[in-house]
Amino acid sequence: MFQQEEYDVIVVGAGHAGCEAAAAAANLGSKVLLVTMNMNTIAQMSCNPAMGGVAKGQILREVDALGGQSGIVTDKTMIQFRMLNRSKGPAMWSPRAQSDRMRFAEEWRLTLEQTLNVDFWQEAVMGLVVENDTVVGVRTQLGIEFRGKSVVLTNGTFLNGLIHIGEKNFGGGRAAERGSTGITEQLKELGFEAGRMKTGTPPRVDGRSLDYSKMEEQPGDEVPSKFSYLNTPALVKQRPCYITYTNSEVHEILREGFEKSPMFQGRIKGLGPRYCPSVEDKINRFADKDRHQIFVEPEGWSTVEVYVNGFSSSLPEDVQYRALRKIAGFEKAKMFRPGYAIEYDFFPPTQLSLTLETKRIKNLYFAGQINGTTGYEEAACQGLMAGINAHNRVHGKEPFILKRSEAYIGVLIDDLVNKGTDEPYRMFTSRAEHRILLRQDNADLRLTPLGYALGLASEERMELVRQKESETADVLEYLKNKTVEPAEINGLLEELGSATISEKTRAINLLRRPNIELADLTRTLPTMALELAPYLADSLEQAVITIKYETYIQKEHQQAARLTELENFVIQGRLDYKQMPALSHEAREKLLRVQPETIGQAARISGVSPADISVLMVYLGK
């Protein structure tokens, strides 16, 4: 292990970002070293044992479509699958899987061990080796220097991590794991700006001590889907989750602990996630509500450990325990460990380019919570992009950047780099202005050709995309030409409350009606069912979505094309915006700090107005 070979990419940290970064760079052909403080916690699910969710599910499908591994690992280890928001339009459909926590980590480790070009080293990294404003390696706690042409930092919550439980606090990056020191201090010396953020986790309890008869069962989908577009194993059995609620008695007990709360007493300086608040924060901010939902989530197929989603807390452990036992079904609950809050260092992502390379130090990349994000999926996609771009950089290839109109991944990175964040960033469908284009069902059509061109997505993936494109086109052509007689269909139309027809009508026109689905037509028209039977379900779904949302999709494409024109106005080199007095003071300040690469990027910076963009375009002769 102490051979003096130079790695193409060194990845520091083996969480969700680090795993995807290492796998991507290695699968592209780079020689990779993955350094982690503990090889037994590779891909550990530090918080809830689940992948996907609103917008997060779209991200995970995009990672898979590009050739990443998280979707495959999720499919192999999930215990329940649900497609969220099915009652809404397809732009809102979001896949979510409950995972087996231990199996998920095991599968990721085995995946990496079976990936050619990945070496491992278990030890803490204390600092970077930097020469001439370029990173050339890392230095470990033992004083070993590993040389690398690029370095990806994916430190999660470990940088100067501080865990809070009531009035007690102690150093740590995660429960029972020590934090990491040295890197923040060195990066500050190199001129980086750093900040503090906070996240938290709920208590874990013994499932054998719960009374599920007092809770609402939440089963998985009757016909479960999956995340990967590859032929991963189908989920044939599922474990249910459960829902229960807090109550006024629970809230009263929790309020008793506020005087010892590190959050309310000011001992926690970092900002917590707005969209995943602690239970004490919820009862404080929403004092008018007499109950809050609690999701009771099993941590695996065989373990009795249960995750109490919705009860994240940093209150004293005795307060947590007493309050828990007042929740319906938790009257005899046995706690495995209390919830806690954790503070950690992050680096405002405006210090990065769109490739996730830092602007101050060449060949150094940041991915995951070090950039101020929260969530496994957000971390995974950043790791994937950092791994791709680190590989491309050291092999003299073009940067790989996704536009906002191409992927949620593009939205996330663009938001981080241009707007920054002063609280943990979480992806939502509302953040994507082109969400009708960026659906979970078409991530393969959007991104697999790009991943294939990179050399990351396999021939097998690309062939599946070609098949889906071909079948979708065939189905659309069939529905355009298929005619239906009034006598065949009017009974169904009356049943569904839709206007009947008086003359022969094409099937495509019937499907344009919002309350008519393809399944309705095929159960009523046996001939159509027989003729469409050979096609994949995904191809049929894609054709129906294309028909029903054709007008909206066309408008989105037109809007995206107009915005792309701005992206094509490249800003060459670093500009001294101080010398442009016609710009507003705030615009000069923000543009100087971000140094946007295009007019489009400049237009998305908070504080830069349309008038400022007009001034800038005049200055650039555009």
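Biologist: Which residue in S20 does Leu162 stand opposite?
Modeller: Leu162 stands opposite Glu343 in S20. Keep in mind that this is a predicted model.

Biologist: Which strand pairs with S20 there, and over how many bridges?
Modeller: Strand S11, residues 162–165, pairs with S20 over three bridges, in the antiparallel sense.

Biologist: What holds paired strands together in general?
Modeller: Strands of a sheet pair through backbone hydrogen bonds, either parallel or antiparallel.

Biologist: What about S13 and S20, how many bridges join them?
Modeller: Seven bridges join S13 to S20, which covers residues 340–346, and the two run antiparallel. Gly195 has Phe346 in S20 as its bridge partner. Thr201 is partnered in S20 by Tyr340.

Biologist: In what order do the strands of that sheet come?
Modeller: The order is S12-S11-S20-S13, an open sheet of four strands with antiparallel pairing. Strand S12 (168–171) and strand S13 (195–201) are the edge strands, each pairing on one side only. On average, neighbouring strands of this sheet are turned by 25° against each other, direction ignored.

Biologist: Back to S20. How many of its residues are buried?
Modeller: Seven of its seven residues are buried, so S20 counts as mostly covered, with buried meaning under 20% relative accessible area.

Biologist: Which residues of S20 sit on which side?
Modeller: Tyr340, Ile342, Tyr344 and Phe346 are on one side, and Ala341, Glu343 and Asp345 are on the other. Both faces of S20 are covered.

Biologist: New topic. What is the order of strands in the six-stranded sheet?
Modeller: That open sheet has the order S15-S16-S17-S18-S14-S19, and the pairing is antiparallel. Its edge strands are S15 (216–218) and S19 (335–337), each of which pairs on one side only. From one strand to the next, the twist averages 35°.

Biologist: How many bridges are there between S17 and S18?
Modeller: Four bridges, with strand S17 (residues 293–298) and strand S18 (residues 305–309) pairing in the antiparallel sense. One of the pairs is Pro298 with Val306 in S18.

Biologist: Which strands does helix H8 lie across?
Modeller: Helix H8, residues 317–324, lies across strand S14 (204–206), S18 and S19. H8 runs at about 150° to S19.

Biologist: What follows H2?
Modeller: Gly67 follows H2, and the phi of Gly67 is positive, near 110°.

Biologist: Which residue in the turn between S7 and S8 has a positive phi?
Modeller: Asn132, with a phi of about 55°. S7 and S8 form a hairpin with two residues between them. Six bridges join strand S7 (residues 125–131) to strand S8 (residues 134–140), and the strands run antiparallel. Val130 has Val135 in S8 as its bridge partner.

Biologist: Now the inside. Which residues have the most contacts within the largest nonpolar core?
Modeller: Leu153 and Leu364, in a core of 97 residues. Leu153 touches several residues beyond four places away in sequence, among them Val12, Leu128, Ile183, Leu364 and Phe366. Another core, of 23 residues, lies apart from the largest one and includes Leu492, Ile508, Leu510 and Leu521.

Biologist: Where do nonpolar side chains tend to be in soluble globular proteins?
Modeller: They tend to be buried together.

Biologist: Last topic, the whole protein. How many helices and strands are there?
Modeller: There are 21 helices and 23 strands. The radius of gyration is 26 Å, close to the 25 Å that the globule rule gives for 622 residues, so the protein is as compact as a globular protein of that length. The C-alpha trace spans about 80 × 70 × 55 Å along its principal axes.

Biologist: What share of the residues is buried?
Modeller: Buried residues make up 58% of the 622. The accessible surface comes to about 25900 Å², and 49% of it belongs to carbon and sulfur atoms.

Terms used:
Residues are numbered from 1 along each chain as its sequence is written. Side-chain values use heavy atoms; hydrogens and water are left out. Two strands pair if DSSP finds at least two bridges between them. Axes are lines fitted to C-alpha atoms, for helices over the stretch in contact, and angles run from 0 to 180 degrees between N-to-C directions. Contact means heavy atoms within 4.5 Å. The radius of gyration is taken over C-alpha atoms; the globule rule is 2.2 Å times the number of residues to the power 0.38. Buried means under 20% relative accessible area, exposed over 50%, partly exposed in between (1.4 Å probe, protein chains only). Accessible areas come from the Shrake-Rupley method with a 1.4 Å probe; for residues, only the protein chains shown count as cover. A nonpolar core is a set of buried Ala, Val, Leu, Ile, Met, Phe, Trp, Tyr and Cys residues joined through side-chain atoms within 4.5 Å.
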